[in-house]
Amino acid sequence: MDLNNSDYDYDLFVIGAGSGGVRASRISAGYGARVAVAEEYRVGGTCVIRGCVPKKLLVYASQFSKDFKTAESFGWTIGKTSFNWGKLIADKDAEIDRLNGLYKQTLGGAGVETLMGRAVVTGPNSVRMGDKTYTAARILVAVGGWPSMPDVPGIEHAITSNEALHLETLPKHIVVVGGGYIAVEFAGIFHGMGSEVIQLYRGEQILRGFDDDLRKRLAGEMVQNGVDLRLGVNVTAIEKTTDGVRLTLTDGSNLDADAVMYATGRTPNTKGLGLGTAGVEMAANGAIKVDEYSRTNVPSVYAVGDVTDRVQLTPVAIKEGHAFALTEFGGTPTSPTHDAIPSAVFSQPPIGTVGLSEAQARDQYGEIEIYESDFRPMKHTLGGSAERAYTKLIVDKASDKVVGAHMIGLDAAEIIQGIGIAVKAGLTKAQFDATVAVHPSSAEEFVLMRNVRL
């Protein structure tokens, strides 16, 4: 492609300055492409502005209530403590402002032009912002996802994770509806801050899609910590009251709370984007259909990240955005892989997972071996907590290759990153066993497990 093609205003026009869009813009510009990125809200996207970063900060804050109790068992004298929700939110907002500024600097330093406002596709090579139209040889859509809300009477009185990050006051009593990772994370956040938390999930167990052993163990730990987890229950109506909301449940009972938060999934944020004008093929849920190189059915239009509904994780969007730039402007066709992706749930206790679940492995490989360890982390032996940790390796019996690794317990998110490298590399159980353990640690369990079940 001629990077100096004057027939177009830009070589690449990116819609959405989130993780995937920023990476694609920066790398493409580094190859000499003339790049513009449009953002209607703030640079940084879901993860930085209203997702993983602010949520993780709140997770940290919520854990101190338990840490204060643990500290006393280690000889510390803890005086009177109090929590200021307003200060936490203000400090969190200041950090998000800082990151937003850094992202803008990064784009500017790379030579990318940032255009603030809503962009709408008007054709295969054109985008409109307000009363101005821009043309581009390539259009990359990276607008992410948005919380989806069910059709329940009174749903307008509910909040999502977006609003939960900006509540003026901490609810004394909150109901969280949903069973995915966002739901369990916010249930833990609010509970750690001192709120009374009820979590409702219509299914038989939380975290659908995760390994069953992790699902059961997390549910048990959450209940033991004090979260009122109710499975097989859903909301049929929401009514605004003087003090908050009143929920009518599927069992016919009513539930009063200060607030109700829905975390019942996210959908691609393509509504009103004008993709139909360009003839872009879409899935029923609004996701943009792409091939292994993030190409749509329209040769000049591409998409990366959550808007494609492949794997909704920030690092995956970054990988996809980078691969797009390498392919289209770097002369190195690169297809992002979506196997053996490490991920974490910042629940309390946290979960780390990579590769296949036990059920998936049985379907794919037939004969497998399961290695597992159930133990009490060393910190808890003196700290007094009854919380346990659990590690699990799933091995293809024929090849001895580790095809899945899972953990719930202290530091699981940090530990799984290293284990993810081993699983991605296709290492065998014998190679895990040959690795010297780091002692004393929870991570060492991954190289010490010897008892097998089929």
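These legends describe close-up views of a predicted model.

Residues are numbered from 1 along each chain as its sequence is written, and side-chain values use heavy atoms, leaving out hydrogens and water. Local features need pLDDT of at least 70 and side-chain atom pairs count only at pLDDT 80 or more, while totals for chains, interfaces and linings use all residues.

**View 1. Helices H3 and H4 pack against each other.** Helices (H or I, at least four residues) and strands (E, at least two) are DSSP runs, numbered from the N terminus. H3 covers residues 52–73 and H4 covers residues 85–109. Their axes lie 10 Å apart, at an angle of about 145°. Axes are lines fitted to C-alpha atoms, for helices over the stretch in contact; angles run from 0 to 180 degrees between N-to-C directions. The crossing is right-handed. That term applies if the near helix is turned clockwise from the far one by less than a right angle, and left-handed applies if anticlockwise. H3 brings Val53, Pro54, Leu57, Leu58 and Ala61 to the contact. H4 brings Trp85, Leu88, Lys92, Glu95, Ile96 and Leu99. Contact means heavy atoms within 4.5 Å.

**View 2. Asn100 sits in helix H4.** Asn100 is buried, at 7% relative accessibility. Buried means under 20% relative accessible area, exposed over 50%, and partly exposed in between (1.4 Å probe, protein chains only). Beyond its neighbours within four places in sequence, Asn100 touches Arg42, Val43 and Ile49.

**View 3. Phe74, Trp76 and Leu382 make a nonpolar surface patch.** Accessible areas come from the Shrake-Rupley method with a 1.4 Å probe; for residues, only the protein chains shown count as cover. Patch residues have over 30% relative accessible area and no salt bridge; like charges are joined within 9 Å, nonpolar side chains (Val, Leu, Ile, Met, Phe, Trp, Tyr) within 5 Å. Phe74 lies in the loop between H3 and H4. Phe74 is partly exposed, at 40% relative accessibility.

**View 4. Asp213 and Arg453 form a salt bridge.** A salt bridge is a side-chain nitrogen of Lys or Arg within 4 Å of a carboxyl oxygen of Asp or Glu. The closest N and O atoms of this pair are 3.5 Å apart. Asp213 is in helix H7 (residues 212–225) and Arg453 in strand E22 (residues 452–453), so the bridge ties together parts 240 residues apart in sequence. Asp213 is buried, with a relative accessible area of 17%. Arg453 is partly exposed, at 28%. The whole structure holds 29 salt bridges.

**View 5. Asp339 and Lys424 meet in a salt bridge.** The N to O distance is 2.9 Å. Asp339 is in the loop between helix H9 (314–328) and strand E17 (343–345). Lys424 is in helix H12 (residues 412–424), and the two residues are 85 residues apart. Asp339 is partly exposed at 43% relative accessibility, and Lys424 is partly exposed at 40%. Elsewhere, salt bridges that share partners join Asp211, Asp213, Glu358, Arg362, Glu372, Lys392 and Arg453 into one network.

**View 6. Asp228 pairs with Arg230 in a salt bridge.** The N to O distance is 3.0 Å. Asp228 is partly exposed at 30% relative accessibility. Arg230 is partly exposed at 28%.

**View 7. Tyr31 lies in the loop between helix H1 (19–30) and strand E2 (35–39).** Tyr31 is partly exposed, with a relative accessible area of 35%. Tyr31 and Ala325 are 294 residues apart in sequence. Their C-alpha atoms are 8.4 Å apart in space.
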